[in-house]
Amino acid sequence: MSAAHVRRGGSAQSRPRKTKAASAKRASNRARINKITGLVFGGFLLAIGGVTLVALDVPARAARSAGTAMGEAGFTINSYQITGLHHMARAPIDGIVTDELHRAAESAGTDKAPQTLVSTAEIRNRLLQFGWIKDARVSRRLPDTLVIDVVERTPAALWQAQGQLALIDADGVVLDRVPVDKMPDLPLLIGPGANGEAEELGRLMAAVPTLKPQLASATWVGGRRWDLNFQTGETVVLPEGEDAARVVLTKFAKLDKATGLLGHGMLRFDLRIPGKMIVRLPHAPAPITGTQPQQEG
């Protein structure tokens, strides 16, 4: 047997092995495809089943049934407590809680609200719509009490715009309307949009602690800058931009501390021109006129 004949024979024997390997690979691929198809089809059936259950209101009915059962077992809300109130009236909170308890009781078909059907999240979301309320925690306390813990915002100033007064906090959030005859002793912010700039004004005044207690009101002018009105009657006109305003106001505070600029009858200090301070006096100086000597008769 020649070497060439041996090589041809070996090549002929190797071909069936390659064919078997390819067949095994194709079978494996078909099995994988069938598995993926089965998973996809199973997921589709689960989705259809979920949609059907939702359409038939099955989860909600089950929840209501469970809630009713717990209510019949005595796990109902019989009272509630409200803590953390200092400024806001209690009545609006009472109304929100009562509405939710009534809804839960109606859903269960009972006289009292089962604990599991009372939505603490719904109560909290409605409470956060009040300007006074910065945060609220609503929880159940066994066996039968609902606890509403309120965190109020702190009033920082009054805001006057379009003829109305409102309390605002340091961030400019409107807390409540205020009658003119019941104005608290707080700085007054004047002008459209002034409440939105309350935080900037707070930073400016924090940089001048000697002037801050003397501030009577601040007017937001043209949506660009502040006029500061002090209790002694003077107005300090600031330039646009927080950084520029802070620089000139700090210099003014140092001059006032050293020489007493405020409280001496000036009307206006204009600090808008860099490096200059234009002062307006209460009235122009009277002109100096000469007098004719009287002649003796």
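## Terms and basis of the model

Rings of Phe, Tyr and Trp (its six-membered ring) count as a pair if their centres lie within 6.5 Å; planes under 30 degrees apart are called stacked, those over 60 edge-to-face, and the rest tilted. By this criterion, a search of the whole structure finds two aromatic pairs.

The model is predicted: local features need pLDDT of at least 70 and side-chain atom pairs count only at pLDDT 80 or more, while totals for chains, interfaces and linings use all residues. Residues are numbered from 1 along each chain as its sequence is written, and side-chain values use heavy atoms, with hydrogens and water left out.

## The open sheet

Strands (E, at least two residues) and helices (H or I, at least four) are DSSP runs numbered from the N terminus, and two strands pair if DSSP finds at least two bridges between them. Nine strands form an open sheet with mixed pairing, in the order β8-β7-β6-β9-β10-β11-β12-β13-β14. Its edge strands, β8 (174-177) and β14 (278-280), each pair on one side only. On average, neighbouring strands of this sheet are turned by 25° against each other, direction ignored; axes are lines fitted to C-alpha atoms, for helices over the stretch in contact, and angles run from 0 to 180 degrees between N-to-C directions.

Helix α5 packs on the sheet and touches β7 (164-168), β9, β10 and β11, where contact means heavy atoms within 4.5 Å. The direction of α5 makes about 55° with that of β11.

## Strands around β10

Strand β10 (residues 215-221) pairs with β9 (residues 188-190) in the parallel sense over three bridges, and with β11 (residues 225-230) in the antiparallel sense over six bridges. Serine 217 of β10 stands opposite leucine 188 and also opposite asparagine 229 in β11.

Three residues lie between β10 and β11 in their hairpin, and glycine 222 in the turn has a positive phi of about 60°. Further along the sheet, β12 (residues 235-237) and β13 (residues 268-270) run parallel, joined by three bridges; here valine 237 stands opposite aspartate 270.

## A tryptophan pair

A pair of aromatic rings is described by the distance of the centres and the angle of the planes. Tryptophan 220 and tryptophan 226 form a tilted pair, 4.9 Å centre to centre with 55° between the planes.

Tryptophan 220 counts as buried because its relative accessibility is 9%, and tryptophan 226 counts as buried at 2%. Buried means under 20% relative accessible area, exposed over 50%, and partly exposed in between (1.4 Å probe, protein chains only).
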